Amino acid sequence: MMSQALRRTRQGHPPSKRRHPNADQGARFTVPNEPLVYGVIGFILVLVLWEVVVDVGLAKASLLSSPTRIWTAAVADFGSGVIWPQISTSLLEWIVGFVLAIVVGIPVGLALGQVQRLEFLVEPWIYGLYATPSVALAPLLILIFGVGVEAKFAIVFLEGVITLLISTIAGSHAADRRHMEIAQSFGASRSLTFRSVTLPSSVPFIITGLRIAAGRALVGVIVAEFIAANVGLGFYISLNGTTLNSSRVMLGILLLGVFGIAVGQLIQRVERRFERWRPAIH
Amino acid sequence: MAESTLALRARGVRMEYRDRSTRERLVAIERMDLDIPHGEFVAIVGPSGCGKSTFLKIVDGLLPATDGEIETGGLGKGPDHAMVFQDSSLFPWYTVMGNVSYGLVCQGVRAKEAHERAMPLIRLVGLEGFEGKYPYQLSGGMQQRANLARALTVDPELLLMDEPFAALDAQTREIMQVELLRIWSQAQKTVIFVTHQIDEAIFLSDRVVVMSARPGRILADISIDLGRPRALDLKRTAAFTAYEDQVWKLIENQLTPVGQGSAQG
């Protein structure tokens, strides 16, 4: 490699910074789909390290568990089926609350963005509720709706709808002045201006809102189940925490992580569908 | 009767606004009287901030003038005027077709018919085959072709062009100037073309209106007798250079010694 580069230099091609001999060597290690491959390697490395640390006794298995112990717990609980109601209940709570939040939050947010005075009127409540942690609201909502799924719907809805309202209102004011001028110049009606300028301009904000709302809604589910529930992943984690079953706690956390990633992927799809007109970032 | 042959009649147009931070009253346009007969190509040049773009926005109805009157006279059924905006003013979420037919959709024309009526204009500006592309997939020159087609689609009597080629590179700009003349000769519109590019103004126009530095008013109204059709080599003729010198001297006198903004951009 080195000699080749040197020879090239002698032939009159000065080695540029990009053609540094080491650069060629680095390029030989390139693998297809680097982010995925390295991501998987990194994930597995930590699992192995975790297992080793626990097995050689550097950390207590009773507190930290370990990948193989979690796997054993997973096989047991999926095998016996006890984990399915926990998953399905949490999923139901999240979906119902989140869909309600979308159905209400986006249209109301867009409407508020159109009527400035109405927006000012409700603004303190929206921002007040956004700043309030759901942990604080959960006991009240459980008092009102009981320990069943209804209270969880309410918490998820509230978390989701407030986030979506804020981002949608921001989005409805995000239209470029130039684009508004074009609509005005060509004499677009109010409703056409809304459809052709305001709405497309708000899409990136709404999608960001969906992303944040999805996360906050999931926090809402778990918090509510921690406080009062007899089924659900939050209940499962909390119950196994109090009985010092760290493997099952870890399993619950892992399932939440998987769920979070899945939702993120789903939102990314929605994003691609709505933003065909944007150049690909990478 | 005489008025009816005018595409634009501006009388005593004045524009003042209050500076937001200093609360000072600024006069953007002192007084503008301008008559433009149908079919004429008029360029407005002047130093930066002379109010030439503001004047165009007043004509388009985007800004209310503080004082004065504007009359635009249409001959046919189309609207009186349409604006060709500065660069990157296409809607990024619409395709070329969506953008070009936008003006018609604004008039309540159904999408399908609007698309059919937009097609000849897309062809005229040389974008056939690009109807389904999004603006980010087009070069700057192609974007401005679409921008021009969008204004032409509504069949306006008066075409208002606000520095449409300012962001293009020098070669593309020259190509677009020739293209604009070709399209103009076919579309037979009255044009007001705002630019700070002196050679562009002279090359395109029948008349060049030179504006003063703020507060803007008309310094000179120069007829460009260079015949038509025009090709780019016209820019190298003595007659052309003489016009350039004449306009440049008028603008040069407007620039302060410290040179806040240059007319050549």
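Some conventions come before the description. Residues are numbered from 1 along each chain as its sequence is written, and chains are lettered from A and ligands numbered from 1 in the order in which they are written. Because the model is predicted, local features need pLDDT of at least 70 and side-chain atom pairs count only at pLDDT 80 or more, while totals for chains, interfaces and linings use all residues.

Let me turn to chain A. Chain A has 13 helices and zero strands. Helices here are DSSP runs of H or I with at least four residues, strands are runs of E with at least two, and both are numbered from the N terminus. Of the 282 residues in chain A, 30% are buried. A residue counts as buried if 20 or more other C-beta atoms lie within 10 Å of its own, as exposed if 12 or fewer do, and as partly exposed in between, with C-beta atoms placed from the backbone. Two residues are in contact if their C-beta atoms, placed from the backbone, lie within 7 Å. Among contacts in chain A between residues at least 6 apart in sequence, 71% join residues at least 24 apart.

I now consider α11(A). Which residues of α10(A) meet α11(A)? They are A:His179, A:Met180 and A:Ala183, and their partners in α11(A) are A:Thr193, A:Ser196, A:Val197 and A:Ser201.

The contact includes A:Val203 and A:Ile207 of α11(A), and A:Leu256 and A:Gly260 of α13(A). Its residues divide into 10 nonpolar, one polar and two charged.

A:Ser191 also lies in helix α11 of chain A. Is A:Ser191 buried or exposed? A:Ser191 is exposed, with 8 other C-beta atoms within 10 Å. Its C-alpha atom is separated by 19 Å from that of A:Leu118, 73 residues apart along the chain.

The next topic is the interface. Here 14 residues of chain A are in contact with 15 residues of chain B. On the chain A side, α10 (177-185) and α11 (190-227) each supply at least two residues. α10(A) gives the most, with six residues. The chain A side divides into seven nonpolar, five polar and two charged residues.

Finally, I come to helix α5 (residues 140-153) of chain B. Its end C-alpha atoms are 20 Å apart, which agrees with the 20 Å that its 14 residues should span at 1.5 Å a residue; the expected span is 1.5 Å times one less than the number of residues. Because 11 of its 14 residues are buried, α5(B) is largely enclosed by the rest of the structure. Among the buried residues are B:Gln143, B:Arg145 and B:Leu148. The buried residues of α5(B) pack against elements of chain B including β5 (81-84), α4 (111-124) and α6 (170-187). Just after α5(B), B:Asp155 takes a positive phi of about 55 degrees.

Notes. Ala, Val, Leu, Ile, Met, Phe, Trp, Tyr, Cys and Pro count as nonpolar, Asp, Glu, Lys and Arg as charged, and the others, Gly among them, as polar.
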